[in-house]
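Opening my notebook on this one.

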Amino acid sequence: MKDNLDISKLIRPELLNLKPYASARDEFSTSSENMTFLDANENPFDSDLNRYPDPYQTKLKSKIAQLKNLNPQQILLGNGSDEVIDLLVRLFCQPYQDEVLIFPPTYGMYQVVAELNTVNIKTVNLDSEFQIDISRAIHEISDKTKLIFVCSPNNPTGNCMNLEDILKLLNEFQGIVVIDEAYQDFSDQKSSLKYLKDFKNLVVMQTFSKAYGLAGARLGMCFANPDIIKYLNRIKPPYNVNQLTQDVALKQLKNTEEVQQQINILQEEKLKLKAALENVDWAEKVYPSDANFLLVKVDDANKRYNILLDHNIVVRNRHNQPGCHNCLRITVGTPTENAQLIKILNQFKL
Ligand SMILES: *Cc1c(COP(=O)(O)O)cnc(C)c1O
């Protein structure tokens, strides 16, 4: 339990009194009927998109809140999770001074965003089972550590982090623990959303880019204590989630059955692909996956990568990531795409 944490003590002091840009649509929403809107210098002729979008995505958030069993005040939406990561680093980390802790091999954007914001990175590599080395992690935490990024299920390894270790970080760390759950819909491990009520220092990220099939729309979700959301709202660009994206996301949330069917297909396909890869002589290990991709250790990653490319199949070469020597990351495709991949794998057994 950590419910007496004072969030205002964690955020960058100069942001405490930042006066946010007050947009026209902050003051009046165009959903109010019988009003004439002459306040935002928009073109008044209707094009479906002539008005600025709702800066707080009220409709979309209330639908998401309902689905996740949360309160809309616990939600911030971003232009992809990548914007959420950037807002978190900017809210909590003082440039040239503070640091974030990450556990490689992991999602590359945590490091890029920290570097862009001149915030130091501390790394503790995952152990041989791709789990957090918790005693080293706790040891690396200092007064300057403001954020810890935990990716679970982790990209590119595909596995979930041990819940015990996550809880230990939440309990022992006085800063913010961000759990990136981009692949949660493919996992058997339960979401950490249920711990939001116990830990004020927990931030959970999810996205519409993976299971929800809207990578092109750019919509990331951030769930946290309302105090954190309040500050994030003050620093975000006013119209960061455009109208088209809000509309398409609302539509997709009415399609949850179809999305679930697609997830079920991908889970079955993942097992088929795993079995096929385990039959290939040059594939040395297929790692367990709680995501929609498989990490595979092969005899020579560059060689196998290029052979697949020669057959018009693009996978991700993760050879240069710590602990991923000679590893390829293969996304589970449609049944047709996977069959094509398996056919090629079988042609090149040696
Ligand atoms: C794909 C992915 C995301 C999604 O980022 P978006 O900006 O929402 O598309 C986030 N985190 C991880 C670990 C990912 O692999």
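Below are my entries, grouped by topic.

**Ground rules**

I'm working with a predicted model, where local features need pLDDT of at least 70, side-chain atom pairs count only at pLDDT 80 or more, and totals for chains, interfaces and linings use all residues. Numbering runs from 1 along each chain as its sequence is written, and side-chain values use heavy atoms, with hydrogens and water left out.

**Helix pair α10 and α12**

I started with helix packing, which is described by the angle between the two axes and the distance between them. For α10 (residues 256-278) and α12 (residues 335-347) I noted an angle of about 0° and axes 10 Å apart. My axes are lines fitted to C-alpha atoms, for helices over the stretch in contact, and angles run from 0 to 180 degrees between N-to-C directions. Helices and strands are DSSP runs numbered from the N terminus (H or I, at least four residues, for helices; E, at least two, for strands). So α10 and α12 are roughly parallel to each other; the classes are under 35 degrees for roughly parallel, over 145 for roughly antiparallel, 65 to 115 for roughly perpendicular, and oblique for the rest.

Next I listed who meets whom, with contact meaning heavy atoms within 4.5 Å. From α10 I have Ile265, Glu269, Lys272, Leu273, Ala276 and Leu277, and from α12 Pro335, Asn338, Leu341, Ile342 and Leu345. By class, this contact has eight nonpolar, one polar and two charged residues. The classes put Ala, Val, Leu, Ile, Met, Phe, Trp, Tyr, Cys and Pro under nonpolar, Asp, Glu, Lys and Arg under charged, and the others, Gly among them, under polar.

I then looked up Glu269 in α10. Is Glu269 buried or exposed? Glu269 is buried, because its relative accessible area is 5%; buried means under 20%, exposed over 50%, and partly exposed in between (1.4 Å probe, protein chains only). Its side chain makes a polar contact with the side chain of Lys272 at 2.9 Å. For a polar contact I need a pair of N or O atoms within 3.5 Å; within protein, one must be able to donate a hydrogen and the other to accept it, and residues adjacent in sequence count only if both atoms are side-chain atoms. Not counting residues up to four places away in sequence, Glu269 touches Val332, Thr334, Pro335 and Asn338.

**Helix pair α4 and α8**

For α4 (residues 81-92) and α8 (residues 226-235) the angle is about 100°, and the axes are 10 Å apart. That is why I logged α4 and α8 as roughly perpendicular. Leu87, Leu88, Arg90, Leu91 and Phe92 of α4 make the contact with Ile228, Tyr231, Leu232 and Ile235 of α8. This set divides into eight nonpolar, no polar and one charged.

Within α8, I found Ile228, Ile229, Tyr231, Leu232 and Asn233 buried. At the start of α8, a side-chain oxygen of Asn225 comes within 2.8 Å of the backbone nitrogen of Asp227.

**Ligand site**

Which of the 13 residues around the ligand come nearest? They are Tyr183, Thr207, Ser209, Lys210 and Arg218; a residue is near a molecule or strand if one of its heavy atoms lies within 4 Å of it.

- A side-chain N or O atom of Asp180 is 2.7 Å from a ligand nitrogen.
- A side-chain N or O atom of Tyr183 is 2.7 Å from a ligand oxygen.
- A backbone N or O atom of Asp82 is 3.2 Å from a ligand oxygen.

Most residues other than glycine have a negative phi, and most peptide bonds are trans. I found some exceptions.

- The bond joining Pro104 and Pro105 is cis, with omega about 0°, and Pro105 is in the loop between β2 (99-102) and α5 (109-116).
- The bond from Ser152 to Pro153 is also cis, with omega near -5°; Pro153 is in the loop between β4 (145-151) and α7 (163-172).
- Gln57 has a positive phi of about 45° and counts as buried because its relative accessible area is 1%.
- Asn312 has phi near 65°, and counts as exposed because its relative accessibility is 69%.
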